[in-house]
Amino acid sequence: MAPVAAGLFHGDIDDKTLYNFVVVEGNGVKGMVDSGLLSEVPNLFIQPQHERIQFVTAVKNKEVKTTKHLPIIDLSELDDPTKHEEVVRKLVDAAESLGFFQIMNHGVPSELLERLKQAAHNFFNQPPEYKSLYLRGRVSPSSPIVKYGTSFAPEKAGKALEWKDFVSMIYTSDSDALQFWPQECKEAALEYLKTSSKMVRRILEVLFGNLGLEVIDKNEEYLYMGGMRVNMNFYPPCPDPELTVGVAPHSDMGTLTVLLQDGIGGLHVKINEDEQEESDGEWIEIPPIPSALVINVGDSLQILSNGRYKSAEHRVRTTSTQSRVSIPLFVAPRPGDKIGPLPQVVENGGIPHYRDFLCAEYMNNFFGKAHEGKKSLDFAKISP
Ligand SMILES: O=C(O)CCC(=O)C(=O)O
């Protein structure tokens, strides 16, 4: 810990100095919490009233634990001819309504899931001086495809910071991953990406099959899953979770996200939102299930399916007692790919609800703004 930290949290510290310590110097939220001097939430992290997560609401909603709201799908049953159609229906229903489901028996070994969570702790337990070698915006020649940071868009003036540190590992090739990704997590993260890819392809085949695309050929595979990134998120304990958010409401950018969460809990998904009926929807907490993986539909799949599948709006609350880790694998088209509603979906007089665009442009727009619900889709929406 830098000596400046000792004086940081005595109440007389200004926002700029704290911002520099946490964001610019790469100490992260973890560095701030580890100082042991933090008795209350600093201003920089205090969310406006309407963004705060009422803990009571989350607990109450947890009781809405019905299979309708929280589909848990046994993926191995796709191989059982007597159950295949039923599982296809469950996957399609979940993608069309919530854009969200949990899967069991998915082919990613439980032992690997345990190793991944440990790897995340191993990375974040390294000293700030080491982690900041991977700082975003200061990407060193030795780590061009790794970004470590805190909050999603900390540079956005006027937005409170998220109570989260992360490391993002972009996949370019196996050898790049083994050379550039941090040694604490590279092997587990690469294995996760490889084993999950098979399961992602399977789910996409089911979802696209339902739209009339029978087989995913190599070109289509690139379009749906050519860009991959493994993130590791670390949420340190927070002195007052009701003032902060771990991650503000957002949808993911790609086609599908595979998410491993540990047993702490805190992931919320929005349900029952209806633009036509002007209903804001409500949040439910997704209880962690040992060995399960969470699957989210992302914006790209909503666009490719011309709105048939819905990207899931989600957020994360913080907790006061323990550190939480989560490990999303973001599956997306490549930046150089152009996407839009698939011809098969809009043919026969259908109206495209989204324009065609280059994914790199979508990414620039997405990463250039703070999280704001599903507003990211506005970039591609065709107004009626
Ligand atoms: O931590 C989680 O459960 C979700 C993380 C997330 O939404 C993200 O990294 O974009």
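Analyst: The residues that touch the most other members of the largest nonpolar core, which has 93 residues, are A120, A189, M232, L256 and L293. A nonpolar core is a set of buried Ala, Val, Leu, Ile, Met, Phe, Trp, Tyr and Cys residues joined through C-beta atoms within 7 Å. Buried means that 20 or more other C-beta atoms lie within 10 Å of the residue's own; with 12 or fewer it is exposed, and in between partly exposed, the C-beta atoms being placed from the backbone. Helix α8 (residues 186-210) gives this core its largest share, 10 residues. Helices (H or I, at least four residues) and strands (E, at least two) are DSSP runs, numbered from the N terminus.

The model is a predicted one, in which local features need pLDDT of at least 70 and side-chain atom pairs count only at pLDDT 80 or more, while totals for chains, interfaces and linings use all residues. Residue numbers start from 1 along each chain as its sequence is written.

Two residues are in contact if their C-beta atoms, placed from the backbone, lie within 7 Å. Not counting residues up to four places away in sequence, L293 touches Q102, I103, H106, V108, V258, L259 and L260. W181 lies in the loop between α7 (174-180) and α8, and it counts as buried because it has 24 C-beta neighbours inside 10 Å. Although W181 and M169 are 12 residues apart along the chain, their C-alpha atoms are separated by 6.4 Å.

Strand β8 (residues 267-271) shows burial in a sheet: 5 of its 5 residues are buried, so the strand is largely enclosed by the rest of the structure. In a regular strand the side chains alternate between the two faces of the sheet. Accordingly, L267, V269 and I271 point one way, and H268 and K270 the other way.

Two strands pair if DSSP finds at least two bridges between them. Strand β8 pairs in the antiparallel sense with β11 (residues 314-316) over 3 bridges, where H268 has R315 as its bridge partner. Antiparallel pairing with β9 (residues 282-285) runs over 4 bridges, and there V269 is partnered by I284. The open sheet of 4 strands has the order β6-β11-β8-β9; its edge strands, β6 (247-250) and β9, each pair on one side only. The twist averages 25° from one strand to the next, with axes fitted as lines to C-alpha atoms (for helices over the stretch in contact) and angles running from 0 to 180 degrees between N-to-C directions.

A helix gives another view of burial. In α12 (residues 359-367), C359, Y362 and F366 are buried. Seen down the axis, the buried residues fall within an arc of 55°, so they line one face of the helix; the arc is that of the directions from the helix axis to the C-beta atoms. These buried residues pack against β13 (338-339) and β14 (357-358).
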